[in-house]
Amino acid sequence: MAPSTTSPSSPTVNSAPSSPIDVKHPHLILRPATIPERHYSWVINSPSWRGILTENAYYLREAHLSYQDLTRNGGIMYWVLVDPAGPCKPACPETPDHILSACETIRKPCLIVRSNGEVEDVISYGIGGVYTSERHRGKGYARTMMQLLGHQLKDLPDPSDPKKAHVRVGFSVLYSDIGKQFYKKVGWQPHQSSHISFPAKLPSSVSASSATGKVKKIAKTDLKALCAVDCTHIRRFVAKTPFKAGIKARCVQLPTVEVMEWHHAREEFLGQYATTKAPTVKGAWAPLTPTAEYPPREGSEGLDSAWAIWTHDFAEKKLVFLRLHVPPVTSANKDAVSAALRALVVAAAEEAQAWGFSEILSWNPDDLTEEAVKSVVGEESYDLVHRENDSIASLMWYHREGGSEEVEPEGIEWLFNEKSGWC
Ligand SMILES: CC(C)(COP(=O)(O)OP(=O)(O)OC[C@H]1O[C@@H](n2cnc3c(N)ncnc32)[C@H](O)[C@@H]1OP(=O)(O)O)[C@@H](O)C(=O)NCCC(=O)NCCS
């Protein structure tokens with residue numbers, strides 16, 4: 001059976017109940033887009049997001065991305081804000097002006113860990129493509145849409161798998177390109193949004209071959225094993241590491257192979273348009289010990305190696321780390337972790353140069369990563385940027401029904417908040 005990319009499978013057009021929450025436009029409804037509405041949304045939002053692609057290629061990319069393992073079978077949903085009383089033909093929208101605002105959501109597996117040690121597997125939704133066509137802007141439609149969406153997502157478990165029907169939605173995230181205020185006002189709290197940026201051209205004193213001698217290039221076929229090991233590590237790490245004062249709960253979007261492959265489907269599509277080639281090197285792995293195995297063994301946590309999984313950004317000509325797996329640092333392994341991180345920095349610089357890119361980015365780096373970058377490229381040659389306007393990682397928390405927990409936005413720690421979570 002051909003996979004469906006819209007869920008619920010057949011949106012009931014214009015029949016949702018009136019708004020249950022206080023919004024500026026209580027007569028409007030937010031519902032899953034019909035297929036023609038989805039396609040038309042791509043037509044109208046392409047000037048904002050097609051980047052280096054032609055309109056047709058952008059349209060094809062969005063369709064391509066909707067058929068990945070992460071997104072098929074309802075993993076991605078497309079939403080439209082409409083007036084249920086308005087004149088529209090949703091199945092054949094010759095006059096698609098009835099779409100007041102639109103957006104999309106991608107469902108992802110996540111974890112919540114509470115300060116009492118309880119670990120809960122949850123779903124989160126990543127929200128993207130928030131758009132109001134120009135003629136409708138400034139009337140409060142995007143705000144109304146986001147308020148309705150935040151409310152509706154809370155009660156939207158995985159419809160594709162009855163076995164997961166009990167898994168609740170723990171939170172939703174978005175990455176704002178319009179600063180911190182707009183989404184904060186409707187419930188998405190901005191979290192740390194920094195990145196380290198360093199040049200692909202290394203100082204002549206850095207010997208690439210000695211730094212990367214034991215480094216392995218990560219191929220697509222290795223990602224499944226690496227991501228599984230990384231997720232095992234993250235599960236254990238978030239449960240056993242002591243909580244900082246004031247933190248009531250932690251949340252993590254798991255960097256699964258499906259998440260990585262969605263990013264790579266995007267880079268491969270764009271790479272072929274930009275250069276006719278698709279990148280085959282998906283990252284680099286560096287051992288901490290002589291006995292470290294590549295790829296790491298199933299069920300292990302990968303504590304004897306470090307690795308970066310990256311994506312090639314052909315629009316900006318940058319190499320971006322999706323996930324940097326760094327084992328917890330102890331006095332016994334600190335030097336080995338530092339050496340491995342330096343080797344990954346050099347390997348990333350080599351990969352970036354091979355594509356003619358000038359810059360590498362890693363989101364929310366820890367101190368040891370910054371030290372490694374500094375020691376390879378020099379103090380003057382890297383930047384630690386705290387973003388104020390673009391890709392602001394923002395999170396809406398969903399309390400458990402009937403629970404007595406009081407988790408304030410400041411009491412939530414978003415761990416492993418790296419580029420892999422972006423959508
Ligand atoms: C951003 C966008 C969705 C807003 O849609 P809208 O229906 O006009 O929004 P609303 O009328 O509900 O709210 C307007 C608010 O958005 C803010 N806003 C709009 N564009 C903004 C921008 N580029 N930077 C910061 N704030 C912006 C306005 O200042 C206004 O805030 P206020 O109500 O506090 O005065 C729309 O301008 C758009 O589609 N832009 C292009 C795509 C885009 O940037 N999407 C957001 C990606 S994160």
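How are H8 and H9 oriented to each other, roughly parallel, perpendicular or oblique? This is a predicted model, in which local features need pLDDT of at least 70 and side-chain atom pairs count only at pLDDT 80 or more, while totals for chains, interfaces and linings use all residues. Residues are numbered from 1 along each chain as its sequence is written.

Select the open sheet of seven strands, whose order is E8-E10-E11-E12-E13-E7-E14 with mixed pairing; strands (E, at least two residues) and helices (H or I, at least four) are DSSP runs numbered from the N terminus, and two strands pair if DSSP finds at least two bridges between them. Strand E8 (216–218) and strand E14 (383–386) stand at the edges with a single partner strand each, so one side of each lacks a neighbour in the sheet.

Next, select strand E12 (residues 318–325) and strand E13 (residues 359–363), which pair in the parallel sense over four bridges, with Lys318 opposite Glu359 in E13.

Finally, show helix H9 (residues 367–377), whose axis comes within 9 Å of that of H8 and crosses it at roughly 60°; axes are lines fitted to C-alpha atoms, for helices over the stretch in contact, and angles run from 0 to 180 degrees between N-to-C directions. H8 and H9 are therefore oblique to each other, since angles under 35 degrees count as roughly parallel, over 145 as roughly antiparallel, 65 to 115 as roughly perpendicular and the rest as oblique.
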